[in-house]
Amino acid sequence: QVHLVESGGGLVQAGGSLRLSCVASGITVRLVAMGWYSQAPGKQRELVAVISSGGRTNYADSVKGRFTISRDNAKNTVYLQMNSLEPEDTAVYFCHWHGTNYWGQGTQVTVSS
């Protein structure tokens with residue numbers, strides 16, 4: 001059974017940083033593509049970043065240069081390092097096994113101005 005458990009969200013001032021973690025069980029993250037999505041109130045869920053099984057990464061234009069997706073194969077964990085946070089980044093962030101219906105429960109990120 002697949003489980004994706006996010007953590008690391010919180011309240012931070014604009015310009016600050018957070019690191020989100022997604023601990024996976026039931027899958028091996030180094031063998032699949034994993035992504036982070038965000039969903040702001042009243043908006044659709046949007047792709048933020050994805051890392052392929054080969055380690056290639058892609059980012060939404062709005063986060064390029066500020067966010068970094070990575071993984072720790074030994075911990076079977078995917079990370080999203082979020083720097084230079086802006087109020088517009090406020091959303092619930094979800095971990096996702098790319099191309100499937102498996103999602104984490106989400107972690108709230110709130111950026112105050």
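Okay, one definition before anything else: two strands count as paired if DSSP finds at least two bridges between them. And keep in mind throughout that this is a predicted model.

Strand β4, residues 34-39, and strand β5, residues 46-51, are joined by 5 bridges and run antiparallel. If you want one spot to look at on screen, go to W36, whose bridge partner in β5 is A49. Now follow the turn. The hairpin of β4 and β5 has 6 residues between its strands, and in it G42 takes a positive phi near 75 degrees.

β5 has another partner to talk about. It is joined to strand β6, residues 57-59, by 3 bridges, again antiparallel.

Next, the open sheet. There are 4 strands in it, in the order β1-β3-β8-β7, and the pairing is antiparallel. Which strands stand at the edges? Those are β1, residues 3-7, and β7, residues 67-72; each has a single partner strand, so one side of each has no neighbour in the sheet. On average, neighbouring strands here are turned by 15 degrees against each other, if you ignore direction. Inside that order, β3 and strand β8, residues 77-82, are antiparallel and joined by 6 bridges. You can find L20 standing opposite L80 of β8.

Stay on β3, and let's do the cysteines. How many disulfides does a search of the whole structure find? It finds 1. The partners are C22 and C95, with their sulfur atoms 2.0 Å apart. The pair connects distant parts of the chain: C22 belongs to β3, residues 18-25, C95 to strand β9, residues 91-97, and 73 residues separate them. About the S-S bond you get -75 degrees, and the link is left-handed. Buried or exposed, those two, C22 and C95? Both are buried.

Last stop, the aromatics. As a quick reminder, a pair of rings is described by how far apart the centres are and by the angle of the planes. In this structure we have 3 aromatic pairs. Take F94 and W103: their ring centres are 6.4 Å apart and the planes sit at 90 degrees, so that's an edge-to-face pair. Then compare W97 and Y102, a stacked pair with 5.5 Å centre to centre and 20 degrees between the planes.

Y102, at 39% relative accessible area, is partly exposed.

R45 lies over the face of F94, 3.7 Å from the ring centre. R45 also lies over the face of W103, at 4.6 Å from that ring centre.

That's my tour, so over to you for questions.

Definitions and conventions: Residues are numbered from 1 along each chain as its sequence is written. This is a predicted model: local features need pLDDT of at least 70, side-chain atom pairs count only at pLDDT 80 or more; totals for chains, interfaces and linings use all residues. Side-chain values use heavy atoms; hydrogens and water are left out. Rings of Phe, Tyr and Trp (its six-membered ring) pair if their centres lie within 6.5 Å; planes under 30 degrees apart count as stacked, over 60 as edge-to-face and the rest as tilted. Buried means under 20% relative accessible area, exposed over 50%, partly exposed in between (1.4 Å probe, protein chains only). A charge sits over a ring if NZ of Lys or CZ of Arg is within 6 Å of the ring centre and within 35 degrees of the ring normal. A disulfide is a pair of cysteine sulfur atoms within 2.5 Å. Helices (H or I, at least four residues) and strands (E, at least two) are DSSP runs, numbered from the N terminus. Axes are lines fitted to C-alpha atoms, for helices over the stretch in contact, and angles run from 0 to 180 degrees between N-to-C directions.
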